[in-house]
Amino acid sequence: MLKHLPDGTVQLEVTPAQARVLGGDASLLLDWFDSALVGLVALREGRAADMSRDEWHYLITHLEHRLAPRLDGLRDAVIRAHHGAGGSLAELALAMDVEKSTAQYRRDRVVKREPNVWEAWARAGGPQHPGQPAKRWTARLTFEDGTQEELHGLTEDHARDLELLITNDRQRTATVDSSTGRHTYRAEQLQVVGVWVSRSEQQPR
């Protein structure tokens, strides 16, 4: 829920019950939404020239690589749930503010295929989410010099640690255990980090 404080501050509060359901995704999503707001404020205040290339890089990473695919998965899961609840095309078109033919195309695109990795994420969370069996993760690291490295057999916690390296804190480090041993990485070394459940059909874009 949103709370408006007397000094004009706006806080988004997550209840303990909601936090338990969301798990580690709660802090990650809040961090990425914060990046969206930071970008909006910089643009609307006309401070684009004051932002460094690295700062824009992190905002793009958070918005495009992390937030956007998860929002796509959440949208698809909600469309599928609306269809399962008996929702009509007219209702869907109204909700989407599109013609019925467009709403039908978008709904068919969702319900006529199996849920993809991000829709599955929206419904059940990541590995080791309450009630889910433990799985292993793969990470692809792209370094500042353009080289890449893949790590396999990661736990969810180690995958999250790597993902959190792409933040504004360039002093952050992460030590992870993979199928090839223990590795330590510094945030300043990395340009992009992508993680996914270690099944080829579940690799996110």
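This dialogue explains how to read several features of one predicted protein model.

User: What should I know before reading this model, and how many helices and strands does the protein have?

Analyst: The model is predicted, so local features need pLDDT of at least 70 and side-chain atom pairs count only at pLDDT 80 or more, while totals for chains, interfaces and linings use all residues. Residues are numbered from 1 along each chain as its sequence is written, and side-chain values use heavy atoms, with hydrogens and water left out. Helices (H or I, at least four residues) and strands (E, at least two) are DSSP runs, numbered from the N terminus. Here the secondary structure comes to seven helices and seven strands. From the N terminus on, their order is β-β-α-α-α-α-α-α-β-β-α-β-β-β. The C-alpha atoms fill a box of roughly 55 × 45 × 35 Å along the principal axes.

User: How is burial defined, and what percentage of the protein's residues count as buried?

Analyst: Buried means under 20% relative accessible area, exposed over 50%, and partly exposed in between (1.4 Å probe, protein chains only). Of the 205 residues of the protein, 33% count as buried. An exposed case is Asp 97, at 70% relative accessibility. Asp 97 belongs to the loop between α4 (89-96) and α5, and its phi is near 60°, a positive value in a residue other than glycine.

User: Is Trp 137 buried or exposed, and where is it found?

Analyst: Trp 137 is buried, because its relative accessible area is 7%. Trp 137 is found in strand β3 (residues 137-143). Six of the seven residues of β3 are buried, so this strand is largely enclosed by the rest of the structure.

User: Which strands pair with β3?

Analyst: Two strands pair if DSSP finds at least two bridges between them. Strand β4 (residues 148-154) runs antiparallel to β3 and is joined to it by five bridges. Within this pairing, Leu 141 stands opposite Glu 149, and Ala 139 stands opposite Leu 151. The hairpin of β3 and β4 has four residues between the strands, and in it Gly 146 takes a positive phi near 95°. Strand β7 (residues 190-197) also pairs with β3 in the antiparallel sense, over seven bridges. There, Val 192 of β7 is the bridge partner of Thr 142.

User: How should I read helix α6, and which of its residues are buried?

Analyst: An α-helix has 3.6 residues a turn, so residues three or four places apart point the same way. The buried residues of α6 are Val 117, Trp 118, Glu 119 and Trp 121. Contact means heavy atoms within 4.5 Å. The elements covering these buried residues include α2, α3, α5 (100-111) and α7 (156-163). At the N-terminal end, Asn 116 caps α6, with a side-chain oxygen 3.1 Å from the backbone nitrogen of Trp 118. Just after α6, Gly 125 takes a positive phi of about 75°.

User: Which residues does Arg 70 touch?

Analyst: Arg 70 lies in helix α3 and is buried, with a relative accessible area of 3%. Leaving aside residues up to four places away in sequence, Arg 70 touches Leu 29, Trp 32, His 65, Trp 118, Trp 121, Arg 160 and Glu 163.

User: What is a pocket, and how many residues line the largest pocket?

Analyst: On a 1 Å grid over the protein atoms alone, a pocket is an open set of points where a 1.4 Å probe fits, with protein on both sides within 12 Å along at least five of seven lines; lining residues have an atom within 4 Å of a point. The largest pocket is lined by 19 residues, and Leu 22, Asp 25, Leu 29, Leu 74 and Trp 121 lie nearest its centre. The elements that give two or more residues to this lining are α1 (16-22), α2 (25-44), α3 (53-84) and α6 (117-124). The largest share, five residues, comes from α2.

Conventions:
A polar contact is a pair of N or O atoms within 3.5 Å; within protein, one must be able to donate a hydrogen and the other to accept it, and residues adjacent in sequence count only if both atoms are side-chain atoms.
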